[in-house]
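Dear colleague,

Please find the structure below, handed over for your review. A short account of the findings follows it.

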Amino acid sequence: MAVETLTTARFDETVGGNDIVVVDFWAPWCGPCKSFAPVFEAVATENPDVKFVKVNTDEEGALAGHFGIRSIPTLMIFREQVIVFQQPGALPKGAVDDVLRQVRGLDMVEVKRGSRPHEAGDAHGEA
């Protein structure tokens with residue numbers, strides 16, 4: 001699957017309509033972003049079942065601001081509409097492959113339970 005450009009207008013549809021969405025926050029003037037682009041595209045090509053998108057922070061400043069992006073490139077991964085990974089910096093391909101493998105292996109029931117501890121059980125953390 002080809003890497004697509006993500007805009008604020010298409011954000012909810014994109015994240016809500018795909019199980020796993022990998023987002024690259026970048027800018028055209030950013031050297032590390034340019035270096036990371038071929039890695040991002042290679043991983044996207046090898047994982048056609050995952051949605052890979054790029055957010056140009058110069059054009060989509062509100063979206064970048066909403067997620068507190070202060071350094072680019074920043075890689076963010078959503079699974080079932082939950083942010084499960086976020087890290088600034090240009091990662092090597094092996095690291096992106098490894099993170100994606102871990103994201104696929106997540107128990108999303110547990111992840112979602114952990115994001116709402118007040119619903120997970122009593123005050124002692126027992127379910």
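Strand 4 (residues 74-79) and strand 5 pair in the antiparallel sense, over six bridges. Strands here are DSSP runs of E with at least two residues, helices are runs of H or I with at least four, and both are numbered from the N terminus; two strands pair if DSSP finds at least two bridges between them. Within this pairing, F78 stands opposite I83 in strand 5.

The model is predicted, so local features need pLDDT of at least 70 and side-chain atom pairs count only at pLDDT 80 or more, whereas totals for chains, interfaces and linings use all residues. Residues are numbered from 1 along each chain as its sequence is written, and side-chain values use heavy atoms, with hydrogens and water left out.

The sheet is open and has five strands in the order 1-3-2-4-5, with mixed pairing. Its edge strands, each pairing on one side only, are strand 1 (4-5) and strand 5 (82-88). Helix 2 (residues 31-46) packs on the sheet and touches strand 2 (20-26), strand 3 (51-56) and strand 4, contact meaning heavy atoms within 4.5 Å. The direction of helix 2 makes about 160° with that of strand 3; angles run from 0 to 180 degrees between N-to-C directions, with axes fitted to C-alpha atoms, for helices over the stretch in contact.

I20 lies in strand 2 and counts as buried because its relative accessibility is 5% (buried is under 20% relative accessible area, exposed over 50%, partly exposed in between; 1.4 Å probe, protein chains only).

Yours sincerely
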